[in-house]
Amino acid sequence: MTTPLAIITGGAQGIGLATVELLLQEGWRVAALDRDPEAVAELDEAYPEAPLLAMVVDVSDELQVKEAFQHLLAWQQENHKTTGLDLLVNNAGIADPECGPIEHLSLTDWRRWQESHLTGAFLCTRAAVPGLRERHGAIVNIASTRALQSEPHCESYAAAKGGLLSMTHALAISLGPEIRVNAICPGWIETGPWQKSRTRTAPEPRDIDRTQHPVGRIGEPSDVAATIQFLASDRAGFITGQQITVDGGMTRKMIYAD
Ligand code: NAD
């Protein structure tokens, strides 16, 4: 059986890094694309023997994405004598949802969120489709519960994530039956321990942070990684065009004031 290949964008920290690590443990070959050179270097050093290609790439840059996919294809052909792709995870993007009051939001800042989440997913998907078709692979887009509900001053983030959800069902219809396309809406996922060493933090959750979640805890990157792994597997072979919320039940809870 051919070793499966996954591309994880934003794969050097946070949810992306947890996904890279899970898939490597599960015997996948993995390409991690991330714009942070320091984080990419640390990932590379952590897995010297693994079938891992860690690349510094800004996914919102058309040329960088094109060159990264060319480099990946050459790596596949030279080292593993194969082509094709089994999974693309569009995870990269500015994870901070707060863009400030709309009256003060500059066009440049508005575009930063759209470019990193939405344009990045478009460019990587376009580049990945031939390889995914070849292997009947899957795409998983990482959206957010903030595509569905809001706190104040998150317009650019919410719009980008809402766009990702719409792109998910559009792609599922365009790319089936060869390629399945789904989205995950994570809720509050604690990624402090999954940052590069210079910015890594230990979580200090308050009781209220835990107890406001119906499952009694904050999310971890592994919660999302496990869902990605499921959506990429044959067990999810009848699921496409869907969005799965991974939020410990937060978006199912009534929040009327006492
Ligand atoms: P993170 O900041 O820990 O990791 C994101 C990684 O993406 C970083 O390594 C960063 O360098 C990289 N990145 C950002 N922009 C990029 C670009 N243009 N090109 C390439 N790499 C880029 O964030 P995270 O919390 O792990 O978030 C991952 C995804 O999950 C994001 O799309 C985020 O919006 C989404 N999400 C996170 C949460 C959460 O609570 N952590 C909740 C909902 C959705």
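Predicted model: local features only at pLDDT ≥ 70, side-chain atom pairs only at ≥ 80, totals over all residues.
Two packed helices are described by the angle between their axes and the distance between the axes. Helix 4, spanning residues 107–135, packs against helix 5, residues 155–175, with axes 8 Å apart and an angle of about 20 degrees. Helix 4 is therefore roughly parallel to helix 5, and the crossing of the two is right-handed. On the helix 4 side, the residues in contact are Asp109, Trp110, Trp113, Gln114, His117, Leu118, Ala121, Phe122, Thr125, Val129 and Arg133. Their partners in helix 5 are Glu155, Ser156, Tyr157, Ala159, Ala160, Lys161, Gly163, Leu164, Met167, Leu171 and Leu175. Sorted by class, this contact between helix 4 and helix 5 comprises 13 nonpolar, 5 polar and 4 charged residues.

Helix 4 also packs with helix 3, which covers residues 62–80; here the axes come within 8 Å and cross at roughly 25 degrees. Because angles under 35 degrees count as roughly parallel, helix 3 is roughly parallel to helix 4. Helix 3 contributes Glu62, Val65, Phe69 and Gln76 to the contact, while helix 4 contributes Leu123, Cys124, Arg126, Ala127, Ala128 and Arg135. The contact of helix 3 with helix 4 has 6 nonpolar residues, 1 polar residue and 3 charged residues.

A further pairing brings together helix 1, residues 14–25, and helix 7, residues 221–232. Their axes lie 8 Å apart, at an angle of about 55 degrees, so helix 1 is oblique to helix 7. The crossing of helix 1 and helix 7 is right-handed. Gly14, Ile15, Ala18, Thr19, Leu22 and Leu23 of helix 1 touch Pro221, Ser222, Val224, Ala225, Ala226, Ile228 and Gln229 of helix 7. In this contact between helix 1 and helix 7 there are 9 nonpolar and 4 polar residues, with no charged ones.

Attention now turns to the spaces within the model. There is 1 cavity of 30 Å³ or more, and the largest cavity holds about 40 Å³ of space. Its lining consists of Thr9, Val59, Asn90, Asn91, Ala92, Ser116, His117, Gly120, Ala121 and Leu164. Helix 4 gives the most to this lining, with 4 residues. His117 and Ala121 of helix 4 and Leu164 of helix 5, listed in this lining, also take part in the contact between those two helices.

The largest pocket has a volume of about 1,500 Å³ and a lining of 46 residues, with Ala95, Asp96, Pro97, Tyr157 and Gly187 nearest its centre. Two or more lining residues come from each of helix 1, strand 2 (29–34), helix 4 and helix 5. Helix 1 supplies the largest share, 3 residues. The lining of the largest pocket divides into 16 nonpolar, 19 polar and 11 charged residues.

By class, the lining of the second largest pocket has 5 nonpolar, 6 polar and 7 charged residues.

Finally, two details of the backbone deserve a look. Most residues other than glycine have a negative phi, and most peptide bonds are trans. Against that background, glycine 176 and proline 177 are joined by a cis peptide bond, with omega about 0 degrees. Proline 177 sits in the loop that runs between helix 5 and strand 6 (180–186). Lysine 81, although not a glycine, has a positive phi of about 55 degrees. Lysine 81 belongs to the loop between helix 3 and strand 4 (87–90).

Note on methods. Residues numbered from 1 in each chain as written. Heavy atoms only, no water. Axes fitted to C-alpha atoms, helices over the stretch in contact; angles between N-to-C directions. Parallel < 35°, antiparallel > 145°, perpendicular 65-115°, else oblique. Left-handed = near helix turned anticlockwise from the far one by under 90°. Contact = heavy atoms within 4.5 Å. Nonpolar A, V, L, I, M, F, W, Y, C, P; charged D, E, K, R; others polar. 1 Å grid on protein atoms, 1.4 Å probe; cavity = no way out; pocket = protein on both sides within 12 Å on 5 of 7 lines; lining within 4 Å. Points joined across faces, edges and corners; volume = space filled by probe spheres on them.
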